[in-house]
Amino acid sequence: MADPIDQFKAVTFDDIDQFKVAPDPRQVLKFGKNTGSQAHFESLPLDMQDRMLAAAEAYNAKTGKQLQVNSSFRSYDDQKRLHDETVAAGRPGVGPNGQQVAPPGKSKHGTGYAIDIQQGIDDPEARAILQQYGFQHGGKGDAMHFGYDPKSAYPQAPQARSEERRVGK
């Protein structure tokens, strides 16, 4: 039988790396307006925020640049407004730059498991890093769109970062 005291073992310096504190998002992400704002980003599930921050850190370390968030979490009303704009413009479901705009209730943005990153359009390095961190690229029809699967492989353990943010450390 295991000694109950083992659960309180001292944390060594070798263990510290697993408890990285998430960076201030503004250090590695550039935020847009409306659904691309930091407030909308912070409405995403914590595990997705952590992965995006880790991917943005990796991108920043490699390129010295920040990823640009164009859109993240969208409420039903946000999605309806965006879709209604495409209908009013005579191109139902197609945004001004040719990107797909799903009807309300049909977008992964409404679930918090999608994010639009500007570099998805023309930056293969950003796409590769985001995919490494579990984000699936939307392809040519929606080049800035990245879906997120919380069960996808991830190169680092994000749980400690999420926990620290949940308890406000």
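Contact here means that heavy atoms lie within 4.5 Å of each other. The legends below describe close-up views of a predicted model.

**Figure 1. Overall composition of the protein chain in the predicted model.** Among contacts between residues at least 6 apart in sequence, 67% join residues that are at least 24 apart. The secondary structure amounts to six helices and five strands. Read from the N terminus, these elements follow the order α-β-α-α-β-α-β-α-β-β-α. The chain has 169 residues, and 38% of them count as buried.

**Figure 2. The largest nonpolar core, with 23 residues.** The members that touch the most other members are L29, M52, L67, I115 and F135. At least two residues of this core come from each of β1 (29-31), α3 (46-63), β2 (67-71), β3 (114-117), α5 (124-132) and β5 (145-148). Helix α3 provides the largest share, namely seven residues. In soluble globular proteins, nonpolar side chains tend to be buried together.

**Figure 3. Surroundings of M52.** With neighbours within four places in sequence set aside, the contacts of M52 are L29, F41, L67, I115, I117, L130 and F135. Of these partners, L29, L67, I115 and F135 are, like M52 itself, among the core residues that touch the most other members.

**Figure 4. M48 in helix α3.** The relative accessibility of M48 is 0%, and this residue therefore counts as buried, the limit being under 20% relative accessible area. Beyond its neighbours within four places in sequence, M48 is in contact with G112, Y113, A114, I115, F135 and Y148. A further view relates M48 to D149: the two residues are separated by 101 residues in sequence, whereas their C-alpha atoms are 8.6 Å apart in space.

**Figure 5. Strand β5 and its pairing with β3 and β4.** Strands β3 and β5 pair in the antiparallel sense over three bridges. In this pairing, A114 stands opposite G147 of β5. Strand β4 (residues 135-137) also pairs with β5 in the antiparallel sense, again over three bridges. There, G147 is the bridge partner of Q136. Along β5, H145 and G147 point one way, while F146 and Y148 point the other way. These four residues are all buried.

**Figure 6. The largest pocket, with a volume of about 630 Å³.** Its lining comprises 29 residues, and those nearest the pocket centre are S71, R74, L82, Q99 and D116. Helix α4 contributes the most, with five residues. By class, the lining contains five nonpolar, 15 polar and nine charged residues. Rolling a probe the size of a water molecule over the atoms shows where empty space is left.

Figure 7. N34 is located in the loop between β1 and α2 (38-41). Most residues other than glycine have a negative phi. The relative accessible area of N34 is 56%, so this residue counts as exposed, for which the limit is over 50%.

Key:
Residues numbered from 1 in each chain as written. Predicted model: local features only at pLDDT ≥ 70, side-chain atom pairs only at ≥ 80, totals over all residues. Heavy atoms only, no water. Core = buried A, V, L, I, M, F, W, Y, C linked by side-chain atoms within 4.5 Å. Buried < 20%, exposed > 50% of the residue type's maximum accessible area, 1.4 Å probe, protein only. Pairing = 2+ DSSP bridges. 1 Å grid on protein atoms, 1.4 Å probe; cavity = no way out; pocket = protein on both sides within 12 Å on 5 of 7 lines; lining within 4 Å. Points joined across faces, edges and corners; volume = space filled by probe spheres on them. Nonpolar A, V, L, I, M, F, W, Y, C, P; charged D, E, K, R; others polar.
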